[in-house]
Amino acid sequence: MAEELDYYKVLGVERSATADEIKRAYKKVAIKYHPDRNPGDKEAEEKFKQAAEAYDVLRDPDKRARYDQFGAAGVNGQGGFGGFGGAGMDLNDIFANFGDIFEGMGFGGFGGFGGGRRSRPQYKGGDLRLKVKLTLAEISEGVTKKFKVRKNVECSECHGSGAAAGSHPETCPKCHGQGYVVRSQRSVFGMIQTQDVCPDCKGEGTIIKDKCHTCHGEGVIQGEEIVEINIPAGVAEGMVVNVPGKGHAAPRGGVPGNIQVLIEEEAHPDLIRDENDLIYNLLLTVSQATLGDSVEVPTIDGRVRIKIEPGTQPGTALRLRGKGLPVVQGYGYGKGDIVVNISVYIPETLSKNERKAFEQMKDSESLRPAVGIKEKIFKKFRTYFE
C-alpha cells in the first residue's frame, strides 16, 4: 500500500498555518517544481501534482476540517473524496484551477516558460452533486447505490467529435494545428515575438466546418444515465464521495466531470453514533440493577444478550468490543465498540404493598451507599461535562 501523503509536509507548513501561509507555501513549491522549469523531469512533475492536491484540500475550510479528522480518506476515499482524486490529477486541471498563482511569474499555461510551446485547451465537463442518506447498517458494510442522473452525454450521432456524419474536424489553416499564432514586432531591443491563442480555433488546433446537426458542434447532448456508486464502509455524515469521470461529458472529447456524493446519516431508533463507536442507553429497574439480570441490547445486525452484574450502579458503561462501525478505508483498520450506558429507573408511583416493602427496607444498612461509592458515581457524571 502506498504511503499516504501528509499535505502539510508537502507544502512545508504547520497544521496551524493560516490560509495566506498555505497559499504562499503552495506558490513557492509549485514554482520550484513547475514543468516549465523542469522539462522532462517526472519526479518534479509528480511533486508539482502533489503540491496542487495538497493546496486544493488545505485552502478549503470544509475539506481541511475533514482531512484533519479523517486524513486523506476524508477527502479522497475510494475513488476520491473531493478534490482531484490524487493519482487522477491532470496538469490541465491544475493550470485551470490555480493559474492565478503563476500570474506575473513568466509562465505559460503549460510549457510556456522560456518561450516553450503552449498546450492546447482541453475541455472539462461539469461536476454533478448528489445526496444519499444511509442507514447504520449500510455504513457498517458499505453499499452500492444506483442513481438515475440527467446530464450531458456524448452525442451518439458524431461520437463526441462535433462534426457532421461523413466529415471530421480539419486542421486550422491559420495556426496550422498548433493552437497558437506567433506575432513579431520590432522594438528598440530588436524583433520581439509573442505567442497568442489562435483566434480562429480558440487554441484547439482544429476547426469544424460542417457541424453535427444533433449537438450543433458541441459533441454533447442532454441525456440520462444510470450510475452505480460504491460507498465504502465507515463513511460519516458530511463526507463527500468523489466519483471521477461520471459527471457531465465534456465538449469535443474533453475530460468528463465528476460526481460528488454528500453523505447523510439516517437516525437509528436505538443507537447513537460517536465517531466509530455506537452508544446505547440501557434503562434498568431497581431490582435488575440490585439483583442482576440478563438483558437484550440492540446492535447493527441484531440483538445480543448481556449480563448485568448484581449491584450495577447508574453511570456504568459496558463495552461490546468490535460491534461498532469500521474505520473508513485508507485511514486505519478495525471497528469501534458499542458502549452501553446504564441508567436506573426510579418508580414515580407505588402500590400500597410496594410502598410498604420499600418502607420496611428504608433503614436497612445494606441499602445505604458504601464508603466511597458517592464519589465514584459523581466522578463518572463529571466526565459528561468535560
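**Close-up views of a predicted model**

**View 1. A nonpolar surface patch is formed by L350, F358, M361 and L367.** Together the four residues have about 340 Å² of accessible area. The model shown here and in the other views is predicted. L350 lies in the loop that runs between β15 (338–345) and α8 (352–361). Its relative accessibility is 31%, so L350 counts as partly exposed; the class begins where burial, defined as under 20%, ends, and exposed residues are those over 50%.

**View 2. An open sheet is built from four strands with mixed pairing.** The strand order is β10-β11-β15-β14. β10 (272–274) and β14 (317–320) stand at the edges; each has a single partner strand, so one side of each is left without a neighbour in the sheet. From one strand to the next, the twist averages 35 degrees.

**View 3. β10 and β11 run antiparallel.** Three bridges join β10 to β11, the strand of residues 277–285. I272 has I279 of β11 as its bridge partner. Strands of a sheet pair through backbone hydrogen bonds, in either a parallel or an antiparallel manner.

**View 4. Helix α4 covers residues 61–70 and has buried residues K63, R64, R66, Y67 and F70.** Seen down the axis of α4, these buried residues fall within an arc of 165 degrees, so they line one face of the helix. P61 and D62, on the other side of α4, are exposed.

Definitions and conventions. Residues numbered from 1 in each chain as written. Predicted model: local features only at pLDDT ≥ 70, side-chain atom pairs only at ≥ 80, totals over all residues. Heavy atoms only, no water. Pairing = 2+ DSSP bridges. Helix = DSSP H or I, 4+ residues; strand = E, 2+ residues; numbered from the N terminus. Axes fitted to C-alpha atoms, helices over the stretch in contact; angles between N-to-C directions. Patch = residues over 30% accessible without salt bridge, like charges linked within 9 Å, V, L, I, M, F, W, Y side chains within 5 Å. Areas by Shrake-Rupley, 256 points an atom, 1.4 Å probe, with all protein chains shown as cover. Salt bridge = Lys/Arg side-chain N within 4 Å of Asp/Glu carboxyl O. Buried < 20%, exposed > 50% of the residue type's maximum accessible area, 1.4 Å probe, protein only. Arc of directions from axis to C-beta.
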